[in-house]
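User: I am new to this structure and would like a friendly tour of it. Please take it one question at a time.

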Amino acid sequence: MIVAKDFLHLGSSASINKTLSRLTQEGKLLRVSRGAYVRPHEGRFGMRPPSTESVLQGIEASSGETVVAHGAAEANALGLTTQVPIREVFFTSGPSRTLHLGSRCVELKHGSRWQLLLGKRPAGKVIRALSWLGPDAAPAALMQLHSRLPEAEWKTVCGALDALPTWLAKLISIGVCRVSDEAEERTREGLADVDAGRVVDQQLVEAWAASLSDDVPLPVPGLNQVGE
């Protein structure tokens, strides 16, 4: 990404803009937005604009902006919808503007803090996808996603509830965070039982399970019994 203001130490604004405009007319640069340029790629069929991904990476590197995909694209990537977005739309921490990459237009929308909070990590993608789906479709989508995301990512989502819209925070709290808390509590209780010696010998459990098809199954093993 080439930004006109980055060259102000070399001359006046007018002279820099004139030089960049000349390079654009010669096909050596491509103007994507006001004061921003990129180098086109030369391929078998002539010059072409760079990929959207590389341009966005250039914006992040040059300006320090955070740029993430729109919820519609995230929902499609996560398999929550078969709808493929026609427009390329992204959220950014910078100003809203449209990038012109040849015949393609890429729309950058200034995003809310919660839309950008978790960046490109899976937790952030899930939040944007659920938000785009809305209150009616999000609960079913959350059930689909529950087993796909690592527990660490769900913990990150749960840690961001205060920043989310009320309906979305409530949905995730009930559907994920409360379940995770209950699972952790059961795990703690199980570990406490082990520490206290309240256990059943595995060999006895396996023998009991194998005997269930017998005419007279073995009795259910009790705590602290030891197999031979």
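User: What volume does the largest pocket have?
Analyst: This is a predicted model, in which local features need pLDDT of at least 70 and side-chain atom pairs count only at pLDDT 80 or more, while totals for chains, interfaces and linings use all residues. Residues are numbered from 1 along each chain as its sequence is written, and side-chain values use heavy atoms, with hydrogens and water left out. A pocket is an open set of points on a 1 Å grid over the protein atoms alone, where a 1.4 Å probe fits and protein lies on both sides within 12 Å along at least five of seven lines. With grid points joined across faces, edges and corners, and volume taken as the space filled by probe spheres set on them, the largest pocket comes to about 370 Å³.

User: Which residues lie nearest the centre of the largest pocket?
Analyst: Lining residues have an atom within 4 Å of a pocket point. The largest pocket has 20 of them, and those nearest its centre are Val3, Lys5, Arg34, Gly35 and Ala36.

User: Which elements each supply at least two residues of that lining?
Analyst: Helices (H or I, at least four residues) and strands (E, at least two) are DSSP runs numbered from the N terminus. The elements that each give at least two residues to the lining of the largest pocket are α1 (13–25), α2 (52–63) and β8 (97–101).

User: How many residues of each class are in the lining of the largest pocket?
Analyst: Ala, Val, Leu, Ile, Met, Phe, Trp, Tyr, Cys and Pro count as nonpolar, Asp, Glu, Lys and Arg as charged, and the others, Gly among them, as polar. Sorted this way, the lining of the largest pocket holds nine nonpolar, six polar and five charged residues.

User: From which element does the largest share of the lining of the second largest pocket come?
Analyst: The second largest pocket has a volume of about 270 Å³. Its lining has 14 residues, with Ala72, Ala73, Pro85, Arg87 and Val89 nearest the centre. Two or more lining residues come from α3 (71–77) and from β7 (88–92). The largest share, five residues, belongs to α3.

User: How far apart are the sulfur atoms of the disulfide of Cys158 and Cys177?
Analyst: A disulfide is a pair of cysteine sulfur atoms within 2.5 Å, and by this rule the count is one. The pair links distant parts of the chain, with Cys158 in helix α6 (residues 151–159) and Cys177 in helix α7 (residues 166–195). Their link is left-handed, with -110 degrees about the S-S bond. Between the sulfur atoms of Cys158 and Cys177 lie 2.1 Å.

User: Is Cys177 buried or exposed?
Analyst: Buried means under 20% relative accessible area, exposed over 50%, and partly exposed in between, using a 1.4 Å probe and protein chains only. Cys177 has 7% relative accessibility, so it counts as buried.

User: Which residues does Ala4 touch, not counting residues up to four places away in sequence?
Analyst: Ala4 sits in the loop between β1 (2–3) and α1, and it counts as buried because its relative accessible area is 9%. Ala4 and Gly35 are 31 residues apart in sequence, yet 5.2 Å apart in space, C-alpha to C-alpha. Contact means heavy atoms within 4.5 Å, and on that basis Ala4 touches Ile16, Asn17, Leu20 and Gly35.

User: Which residues is His100 in contact with, leaving aside its neighbours within four places in sequence?
Analyst: His100 belongs to strand β8 and has 39% relative accessibility, so it is partly exposed. Pro49 is 51 residues from His100 in sequence and 9.2 Å away in space, C-alpha to C-alpha. Beyond its sequence neighbours within four places, His100 contacts Leu30, Arg31, Val32 and Cys105.

User: What percentage of the residues of the protein count as buried?
Analyst: The secondary structure comes to eight helices and nine strands. Of the 228 residues, the share that counts as buried is 32%.
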